[in-house]
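Subject: Structure handover

Hello,

Here is the structure I said I would pass on. My notes follow below it.

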Amino acid sequence: RMTKKILLDICKQQKLFWTPYLNDTLYLHYKGFDRLENLEEYTGLKCLWLQCNGLRKIENLEAQTELRSLYLQLNLIEKIENLEPLQKLDSLNISNNYIRTIENLSCLKVLQTLQMAHNKLRTVEDIQHLQECPSICVLDLSHNNLSDPSIVAILETMPNLHVLNLMGNEVIKKIANYRKTLTVQLKQLTYLDDRPVFPKDRACAEAWAVGGLEAEKAEREKWETRERKKIQDSIDALAAIRQRGKEQRRQKCMEGATDTQEDLPGQEAATDTALLPEWEEYAEIEQFKLETLEALSLDDLPDLEDVVVSEFPPEEEIFVQKQDYHPKIEIISEVTNDSNSALEENNKSTLENSVEEVPTAIFSNVCQNHKEPEKEHLIPLLKSFFTEPPNSERYLEIKDKEVAPLKPLIEEVITEPKDHLLSSPVCHQPDDPSSWEEDGKITV
């Protein structure tokens, strides 16, 4: 049942006001209520949703004097009653009920929308009460049992009827030229059943009512001619606007050319329009000039003679470019005075017996002497700290090491093509360290 506690709980669930009179909308649909009650405190309601319940009677709405919309569809109501307090009611939906007669609606002076689809209306007497409801603008009587064509006379007495729906009734089949007849007889009708009534349709229907099919055909041709003329006038107006703009742009081009020639000394102003370009071409040229970047000259291009050319012959240069060039790093050994060590012999034999053929290798030392002037004056000072007596064993060992030069720890292998021939790498390392400095390729 619709108790006060249940109504308050519904307001809480729907996040409405807990104070009843502050609510202007109340959603009570799909609740299974079988009776309207306990709505006295909800005096501020303007919209009340009660569809899809089990209501059998319209009652207990005396406090809802501000109500504008009442939704009672999909209930068990059999009679329209107890609506007198709802003087501001604008829309009433009582579709899908068991109502057999339209009644008790004349008290609703501002009622504009009445929906009574899927009810039990049958005869003209069942809808005769609509004559007392002149304010109704939208009337839905679809899917009832109306079959008497005389109901059109009842509908003619409704001065403000603009929207009418009679779909699903037998009366549609019994009225000859149904759509034209209702369009002619209902002067204010703008929407009938499932589509609107346009002014052209009304004019053709009225011509048909006067002169039959010939008059209707003539009227339709008049409307089509008028519509084509309207379209053509619009096209002509657009073309005139475009032509006027073209003339204005051409005049501007002429004025600009005249001003330019007046500024030049020794030349007369040319007024011949034939020498001026068309405005379309002029616009395109102007746009092109704005978008084109500054032109380049030959002096801005780089001189190819200044480019450093490689020392390789053309064929060898192409060969070198095709293959990736990577310097080879070879770790010789730790510092030793033995030039015929086993590791050196092993490296030489490996290079000489290599299966792959590579260009002749030229070795250069990675570690270069940094002869910086600021460090040279420190050498005598360092030697003075580490001097040994001439007769000591340590002194003799240092002297021997100075005689035998040290070998580099890391050497860089640089491949160089020669005479278009591929030969196995050979390590040419002179015994005399002084030759390294003279050659200039390997430095300590």
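Two strands count as paired if DSSP finds at least two bridges between them. By that rule β2 and strand β3 (residues 69-71) are a pair: they run in the parallel sense, joined over three bridges. One of the residues involved is Leu-48, whose bridge partner in β3 is Leu-70. Please keep in mind throughout that this is a predicted model.

The sheet

The pair β2 and β3 belongs to an open sheet of nine strands, in the order β1-β2-β3-β4-β5-β6-β7-β8-β9, with mixed pairing. The edges are taken by β1 and β9 (195-196); each has a single partner strand, so one side of each has no neighbour in the sheet. In general, strands of a sheet pair through backbone hydrogen bonds, either parallel or antiparallel.

The chain as a whole

The protein chain contains 13 helices and twelve strands. It has 444 residues, of which 30% count as buried. Of the contacts between residues at least 6 apart in sequence, 47% join residues at least 24 apart.

Confidence

The average pLDDT of the protein chain is 74, and 58% of the residues score at least 70. Over residues 418-444 the pLDDT is below 50, and the model gives this stretch 47 contacts beyond near neighbours in sequence. Residues 267-293 also stay under 50 in pLDDT. For residues 267-293 the model has 17 contacts beyond four places in sequence.

Helix α5 and Arg-179

Is helix α5 (residues 178-185) mostly covered or mostly exposed? It is mostly covered, with six of its eight residues buried. The buried ones are Tyr-178, Arg-179, Thr-181, Leu-182, Thr-183 and Val-184.

Arg-179 deserves a separate note. Although buried, Arg-179 has no salt bridge. The nearest side chain of opposite charge is that of Asp-194, 4.7 Å away, and a salt bridge here requires the charged atoms to be within 4 Å. A polar atom of the Arg-179 side chain does lie 3.1 Å from the backbone oxygen of Arg-195. Leaving aside neighbours within four places in sequence, Arg-179 is in contact with Leu-192, Arg-195, Pro-196 and Val-197.

Gln-188 sits in the loop between α5 and β8 (191-192). Gln-188 counts as partly exposed, at 42% relative accessibility. Which residues does Gln-188 contact, apart from its neighbours within four places in sequence? They are Pro-159, Leu-161, His-162 and Arg-202. With His-162, the separation is 26 residues in sequence and 5.5 Å in space, C-alpha to C-alpha.

Two residues with positive phi

Most residues other than glycine have a negative phi. Tyr-30 is not a glycine, yet its phi is positive, at about 60 degrees. Tyr-30 is placed in the loop between β1 (25-27) and β2 (47-49). With a relative accessible area of 60%, Tyr-30 is exposed.

His-118, also not a glycine, has a positive phi of about 55 degrees. His-118 is in the loop between β5 (113-115) and α2 (124-127). At 39% relative accessibility, His-118 is partly exposed.

That is what I have for now.

Regards

Notes: Residues numbered from 1 in each chain as written. Predicted model: local features only at pLDDT ≥ 70, side-chain atom pairs only at ≥ 80, totals over all residues. Heavy atoms only, no water. Buried < 20%, exposed > 50% of the residue type's maximum accessible area, 1.4 Å probe, protein only. Helix = DSSP H or I, 4+ residues; strand = E, 2+ residues; numbered from the N terminus. Lys, Arg positive; Asp, Glu negative; His and termini not counted. Polar contact = N/O pair within 3.5 Å; in protein donor to acceptor, adjacent residues only side chain to side chain. Contact = heavy atoms within 4.5 Å. pLDDT = per-residue confidence, 0-100.
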